[in-house]
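Here is a short briefing on one protein chain. Look at the sequence and the model, then read the points below.

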Amino acid sequence: NVVGIGPGNPDWLTPIARRILSESDVVVGGRRQLSELSGIIKDSRLLEGNYAETAAWITENAGTLRISVAVSGDTGFH
């Protein structure tokens with residue numbers, strides 16, 4: 001899942017975004033996104049310039065883990 005987290009306040013998450021994130025085994029995102037979601041998510045993986053490594057990790061683990069990528073702004077651009 002690629003989940004848009006809105007303008008940066010967890011109170012403004014849509015109900016479905018909150019549900020998907022809370023049900024994910026791991027949420028991938030930038031430092032700011034993960035910090036804002038700390039009370040909602042179970043586990044996280046920092047995305048910070050390590051795009052190829054993170055994409056490979058997602059591909060390797062997608063069959064066994066529920067993975068979501070948290071993005072700010074329009075999810076169609078990430």
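The protein chain has 3 helices and 4 strands, where helices (H or I, at least four residues) and strands (E, at least two) are DSSP runs numbered from the N terminus. Along the sequence they follow the pattern β-α-β-α-β-α-β. The radius of gyration, taken over C-alpha atoms, is 12 Å, close to the 12 Å that the globule rule gives for 78 residues, so the chain is as compact as a globular protein of that length. That rule is 2.2 Å times the number of residues to the power 0.38.

This is a predicted model, in which local features need pLDDT of at least 70, side-chain atom pairs count only at pLDDT 80 or more, and totals for chains, interfaces and linings use all residues. Residues are numbered from 1 along each chain as its sequence is written, and side-chain values use heavy atoms, with hydrogens and water left out.

**Size and packing**
- The C-alpha atoms fill a box of roughly 30 × 25 × 20 Å, taken along the principal axes.
- Buried residues (under 20% relative accessible area, 1.4 Å probe, protein chains only) make up 36% of the 78 residues.
- Of the contacts (heavy atoms within 4.5 Å) between residues at least 6 apart in sequence, 50% join residues at least 24 apart.

**Glu36**
- Glu36 lies in helix α2, which covers residues 31–36.
- Leaving aside residues up to four places away in sequence, Glu36 touches Ile5, Gly8 and Pro10.

Terms used:
Buried < 20%, exposed > 50% of the residue type's maximum accessible area, 1.4 Å probe, protein only.
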